[in-house]
Amino acid sequence: MTRYIIHAPTGRYLKANGCWTREAKEALYFDDIFSAVRVCVQQQLGEAELLIQFEDGENFDIHLPFKAQHEAAVR
């Protein structure tokens with residue numbers, strides 16, 4: 001299982017330097033979900049999703065959108 005942060009509108013992966021890339025091999029990999037959430041909060045990545053990929057292929061990928069706290073409070 002691999003975990004990445006992607007920019008939801010473009011599908012690009014977050015790199016360690018804070019830039020976005022189209023290449024998964026250049027992406028920042030997260031050992032756990034909590035680390036990915038921490039980065040999203042610290043860098044205020046409002047249009048980000050956590051992408052969890054399983055070894056079985058794209059059919060089982062999970063996309064979890066991050067929402068800013070003020071957006072969640074409106075609901």
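Cover here goes by contact, meaning heavy atoms within 4.5 Å. Buried means under 20% relative accessible area, exposed over 50%, and partly exposed in between (1.4 Å probe, protein chains only). Helices (H or I, at least four residues) and strands (E, at least two) are DSSP runs, numbered from the N terminus.

The model is predicted; local features need pLDDT of at least 70, side-chain atom pairs count only at pLDDT 80 or more, and totals for chains, interfaces and linings use all residues. Residues are numbered from 1 along each chain as its sequence is written, and side-chain values use heavy atoms, with hydrogens and water left out.

**Helix α1**

Which residues of α1 are buried? I noted Ser-35, Ala-36, Val-39 and Cys-40, in a helix that spans residues 33-42. Seen down the axis, these buried residues fall within an arc of 140 degrees, so they line one face of α1. The arc is taken from the directions from the helix axis to the C-beta atoms. An α-helix has 3.6 residues a turn, so residues three or four places apart point the same way. On the other side of α1, I found Phe-34, Val-41 and Gln-42 exposed.

Next I checked the ends. Asp-32 caps the N-terminal end of α1, with a side-chain oxygen 3.1 Å from the backbone nitrogen of Phe-34. After α1 comes Gln-44, with a positive phi near 50 degrees.

**Cores**

I then listed the largest nonpolar core, which has 11 residues, among them Ile-5, Leu-14, Phe-30, Leu-45 and Phe-66. Such a core is a set of buried Ala, Val, Leu, Ile, Met, Phe, Trp, Tyr and Cys residues joined through side-chain atoms within 4.5 Å. The elements giving two or more residues to this core are α1 and β4. A second, separate core has five residues, including Ile-6, Tyr-13, Ala-27 and Leu-51.

I also looked up Leu-50. Leaving aside neighbours within four places in sequence, Leu-50 is in contact with Arg-3, Tyr-4, Ile-33, Ala-36, Ile-62, His-63, Leu-64 and Phe-66.

**Cys-19**

Where does Cys-19 sit? I placed Cys-19 in the loop between β2 and β3 (20-21). Cys-19 is partly exposed, at a relative accessible area of 40%. Beyond neighbours within four places in sequence, Cys-19 is in contact with Tyr-13 and Leu-14.

**Whole chain**

I counted two helices and five strands. Along the sequence they follow the pattern β-β-β-α-β-β-α. Of the 75 residues of the protein, 28% count as buried.

Methods. Polar contact = N/O pair within 3.5 Å; in protein donor to acceptor, adjacent residues only side chain to side chain.
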